[in-house]
Amino acid sequence: MKELTKEGVLMDMGRLTSISFFGDFSMTDIQQASLYMSERTFNRNSFVFMEGEVGDELYIVLSGTVEINRFENGRKSVLTTLKEGDFFGEMSLFDDREVRSANAEVLDTAVLAAIERRKLQCLLETNPGVTYKLLTVLIKRLRRANDRIHDITFLNVRARIYKQLLRLAEEYGIKLNQTIMINLRLTHQQIADMVGCTREMVSKVLNELQEEHVIMINKKRIIVKNQIMLSDKVISF
């Protein structure tokens, strides 16, 4: 269940300056935003919140990894994986029902900036930059959700796995010479939960991609060696 090792710690403005969410903000805007936030730390495998709970806070990831997921008939579905600079928990703040629509599970010990609903409303009223940033990200998430529906409807399992690897490379990729390392430690089961298939199928496809020298895996991190070939595989299906 929920576990906090820090609670109500005032936000250090200096910490926010290095977070991508605040990249376009002036120092004055960052200072103002920090006044509304508190810092909280969640241990690995704990939950920030669970589906069905009443929600009153938005969170920004300062460090660590948080997975947004849901369970249906005992089966886990991963909606997205969040890293430094990403935010989550906004839906219940802007929905009159105020109920969390998914779980937020911590994969790696996470430090989060938390802001309550009433404080967020004040921040949005006084800082249009924050409003614009939220809208930009929300639109991107809507497009991603539409893509996910399209993929599940029209693509077979192999193509969905290929496309998910490309998406992860785009969102979490770090360029290493001529390759791209997906900077997330992913198990085969986690990838299966992302695309809606079995772990065995993911293992089979990843092994094939390694044999074809399209990817390599090092300490649970996937390295895309040939992005063009991986893209061609999606098109071929």
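The exercises below work through a predicted model.

Residues are numbered from 1 along each chain as its sequence is written. In this predicted model, local features need pLDDT of at least 70 and side-chain atom pairs count only at pLDDT 80 or more, while totals for chains, interfaces and linings use all residues; side-chain values use heavy atoms, without hydrogens and water.

**Exercise 1.** State which residues line the largest cavity, and which elements give two or more of them.

Solution.
- A cavity is a set of points on a 1 Å grid over the protein atoms alone where a 1.4 Å probe fits but cannot get out; lining residues have an atom within 4 Å of a point.
- The search of the whole structure finds one cavity of 30 Å³ or more.
- The volume, the space filled by probe spheres set on the points, is about 60 Å³ for the largest cavity.
- Phe21, Phe22, Met37, Leu58, Ile60, Ile115, Leu120, Leu123, Val130 and Leu134 form the lining.
- Strand 4 (57-72), helix 4 (117-126) and helix 5 (128-154) each give two or more residues to the lining; helices (H or I, at least four residues) and strands (E, at least two) are DSSP runs numbered from the N terminus.
- By class, the lining holds 10 nonpolar residues, no polar and no charged. Ala, Val, Leu, Ile, Met, Phe, Trp, Tyr, Cys and Pro count as nonpolar, Asp, Glu, Lys and Arg as charged, and the others, Gly among them, as polar.

**Exercise 2.** Decide whether leucine 124 is buried or exposed, and list what this residue touches.

Solution.
- Leucine 124 is in helix 4.
- Buried means under 20% relative accessible area, exposed over 50%, partly exposed in between (1.4 Å probe, protein chains only).
- Leucine 124 has a relative accessible area of 19%, so leucine 124 is buried.
- Not counting residues up to four places away in sequence, leucine 124 touches Phe94, Val130, Thr131 and Leu134, where contact means heavy atoms within 4.5 Å.

**Exercise 3.** Describe the largest nonpolar core and find which element supplies the largest share.

Solution.
- A nonpolar core is a set of buried Ala, Val, Leu, Ile, Met, Phe, Trp, Tyr and Cys residues joined through side-chain atoms within 4.5 Å.
- The largest core has 27 residues, among which Ile182, Leu209 and Leu230 touch the most other members.
- Helix 6 supplies the largest share, seven residues.
- A second, separate core of 24 residues includes Ile19, Ile60, Ile115 and Val137.

**Exercise 4.** Determine how many residues of helix 7 are buried.

Solution.
- Helix 7 spans residues 188-195, and six of its eight residues are buried.
- These are Gln190, Ile191, Ala192, Asp193, Met194 and Val195.
- Glycine 196 follows helix 7, with a positive phi near 80 degrees.

Note on methods: 1 Å grid on protein atoms, 1.4 Å probe; cavity = no way out; pocket = protein on both sides within 12 Å on 5 of 7 lines; lining within 4 Å.
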